Amino acid sequence: MNFMKRLWKHRALAVMALPGFLILFFFDYVAMGGLILAFKNFDYRLGIWNSPWNGLDNFKFLIASKSVFFTITRNTLIYYAIFTVLGMLLEVSLAIAMDQLVFKRIGKVMQSIFVVPAFISFTAVQFIVYAFLSPDKGMINNLFGLSTRWYLEAEYWPMILTIVKMWSSTGYGAVLFLSVLAGIDPGLYESAQIDGAGKWQQIWHITLPFLKPMVTVMLLLSVGGILHSDTGLFYQVTRNSGPLYDTTQVLDSYILNSVFHNSNFGFTAAASFFQSVFGAALILIANMIVRKINPENALF
């Protein structure tokens, strides 16, 4: 009854939160019922609930092709490491650089410009990338007099995808760190200047320690998605080119290809289930380690 009284008292806030709650409920909780597909031999005629159980056969099928499974898992982990480490360094560096600008109005304009790429769909980004890498009229080939067929050469794509990812996400991440820097007491910098500390010493002893909790939280949250990749980046930007699979195929794009070319939804459900369980386990382990080293920075 107390809950209902509080709910009625704050009914305006409850109505505002209702759309978000419904989206979360239907897309994140109701959809979890489909996880049983991972343990079934799905038959369209019988439906999800009446399809026969097949135990762990779908998981066995996932790892049956050891070379393919090894390749996509390797690619997923390598890209996660590159994107996380390089992205965090660039985001923190860019945030500090904008925070140190003397002309704050210019900084605000730059924030708006840097955030824009995060809102551009990879469906559109693929055309931008293609304009640069098109074998016939691409800007790169024309500018440097090359004849490289970029969409057939797998060795170039780790660098290309890294550049595209950093362009897309660095600005938005830097703005998140700027919100932390905005909360630092200016008096700390003034005291440091009085004590003779230069800009680099101020950044090292004041700015970075304040950013440490935010960096820790961001890393902990990203660990859960270690086996998840941006499908738009790996599927659309590469135009799903088969010759590039050796360096561009990750678990998410592999699952998407399986959905389009294979009606075995039990297999795709098993792959997604594997990703989620592995990610959840890593979050718990990483949080446990952080809690032992520095409890204040742990998520829970």
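Q: Is Y29 buried or exposed?
A: This is a predicted model, in which local features need pLDDT of at least 70, side-chain atom pairs count only at pLDDT 80 or more, and totals for chains, interfaces and linings use all residues. Residues are numbered from 1 along each chain as its sequence is written, and side-chain values use heavy atoms, with hydrogens and water left out. Buried means under 20% relative accessible area, exposed over 50%, and partly exposed in between (1.4 Å probe, protein chains only). With a relative accessible area of 53%, Y29 is exposed.

Q: Which helix holds Y29?
A: Helices are DSSP runs of H or I with at least four residues, and strands are runs of E with at least two, numbered from the N terminus. The protein has 15 helices and zero strands. Y29 lies within residues 11-29, which form helix α2.

Q: Where is R239 found?
A: R239 is not a glycine, yet has a positive phi of about 55 degrees. Its relative accessible area is 35%, so R239 is partly exposed. R239 is found between α12 (231-237) and α13 (245-248), in the loop.

Q: What is the phi of N240?
A: N240 is placed in the loop between α12 and α13. Although N240 is not a glycine, its phi is positive, at about 50 degrees.

Q: What percentage of the residues of the protein count as buried?
A: The C-alpha trace of the protein spans about 75 × 75 × 40 Å along its principal axes. Of the 300 residues of the protein, the part that counts as buried is 35%.
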